[in-house]
Amino acid sequence: MLNIYKASAGAGKTYTLTLEYLKLLFQDSKNYKKTLAVTFTNNACGEMKDRILKALYELSFKQDAKYISDLLKANKNWDEETIRTKAKALYKDILHNYSFFFIETSSGKRRTGVFRKADRKNRH
């Protein structure tokens, strides 16, 4: 599966990409090992990683987590406690396996997007 998001500045790309990445993680807790998110700049790479980790942390420990309502809509059979429990496990797993958490820059020909990879060996 390949998703490309292209929009002007301030249109909410980073929020949308973070949400889409979170949805992939909640579908399968190991998806971060099979997903490559590509951004346009080095700064955006760091920001995306920070936002994803911050979102998982907030989902785990804060009552007013930003993405909770969107994740509840995407996972209709789950309640808030299920999402929080999964978020804690995901947060811990990514931090313990950080070298498999890929967000990289494109060659400059693409805008920010999330790409789902079948396996890591064929990244390039």
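In what order do the elements of the protein run from the N terminus on? They go β-α-β-α-α-α-β-β, which comes to four helices and four strands. Helices (H or I, at least four residues) and strands (E, at least two) are DSSP runs, numbered from the N terminus.

Before going further, a word on the model. This is a predicted model, where local features need pLDDT of at least 70 and side-chain atom pairs count only at pLDDT 80 or more, while totals for chains, interfaces and linings use all residues. Residues are numbered from 1 along each chain as its sequence is written, and side-chain values use heavy atoms, with hydrogens and water left out.

**Overall picture**

Of the 124 residues of the protein, 38% count as buried. Here buried means under 20% relative accessible area, exposed means over 50%, and partly exposed is in between, using a 1.4 Å probe and protein chains only. Take the contacts (heavy atoms within 4.5 Å) between residues at least 6 apart in sequence: 76% of them join residues at least 24 apart.

Strand β2 covers residues 35-39, and five of its five residues are buried. On one side sit Thr 35, Ala 37 and Thr 39, on the other Leu 36 and Val 38, so to speak back to back, because both faces of β2 are covered. Strand β3 (residues 103-105) pairs with β2 in the parallel sense over three bridges; two strands pair if DSSP finds at least two bridges between them. Within this pairing, Ala 37 stands opposite Ile 103 in β3.

Phe 40 comes in the loop between β2 and α2. Is Phe 40 buried or partly exposed? At 34% relative accessibility, Phe 40 counts as partly exposed.

**The helices and their core**

A nonpolar core is a set of buried Ala, Val, Leu, Ile, Met, Phe, Trp, Tyr and Cys residues joined through side-chain atoms within 4.5 Å. The largest one has 25 residues, and Leu 22, Leu 25, Phe 26, Leu 56 and Leu 59 have the most contacts inside it. Two or more residues come from each of α1 (13-27), α2 (42-61), α3 (68-74) and α4 (80-96), with α2 giving the most, seven residues. In soluble globular proteins, nonpolar side chains tend to be buried together.

α1 has 15 residues and its end C-alpha atoms are 21 Å apart, which agrees with the 21 Å it should span at 1.5 Å a residue. The expected span is 1.5 Å times one less than the number of residues. Among the buried residues of α1 are Leu 17, Tyr 21, Leu 22, Leu 25 and Phe 26.

α4, with 17 residues, reaches 24 Å from its first C-alpha to its last, close to the 24 Å expected. Its buried residues are Ile 83, Arg 84, Ala 87, Leu 90, Asp 93 and Ile 94, and they pack against α1, α2 and α3. Ala 87 counts as buried at 0% relative accessibility. Beyond its neighbours within four places in sequence, Ala 87 is in contact with Phe 26, Leu 56, Leu 59 and Ser 60.

**Rings and a charge**

Rings of Phe, Tyr and Trp (its six-membered ring) pair if their centres lie within 6.5 Å; planes under 30 degrees apart count as stacked, over 60 as edge-to-face and the rest as tilted. By this rule the count comes to six aromatic pairs. Here are two of them.

| Ring pair | Centre distance | Plane angle | Kind |
|---|---|---|---|
| Tyr 57 and Phe 61 | 5.0 Å | 45° | tilted |
| Tyr 98 and Phe 101 | 5.8 Å | 70° | edge-to-face |

Tyr 57 and Phe 61 both lie in α2, four residues apart, about one turn of the helix. Tyr 57 is partly exposed at 37%, and so is Phe 61 at 49%. In the other pair, Tyr 98 is partly exposed at 36%, whereas Phe 101 is buried at 2%. Ring pairs also link Tyr 21, Tyr 98 and Phe 101 into a cluster.

Finally, the charged end of Lys 33 sits over the ring of Phe 100, 5.2 Å from its centre. That call needs NZ of Lys or CZ of Arg within 6 Å of the ring centre and within 35 degrees of the ring normal.
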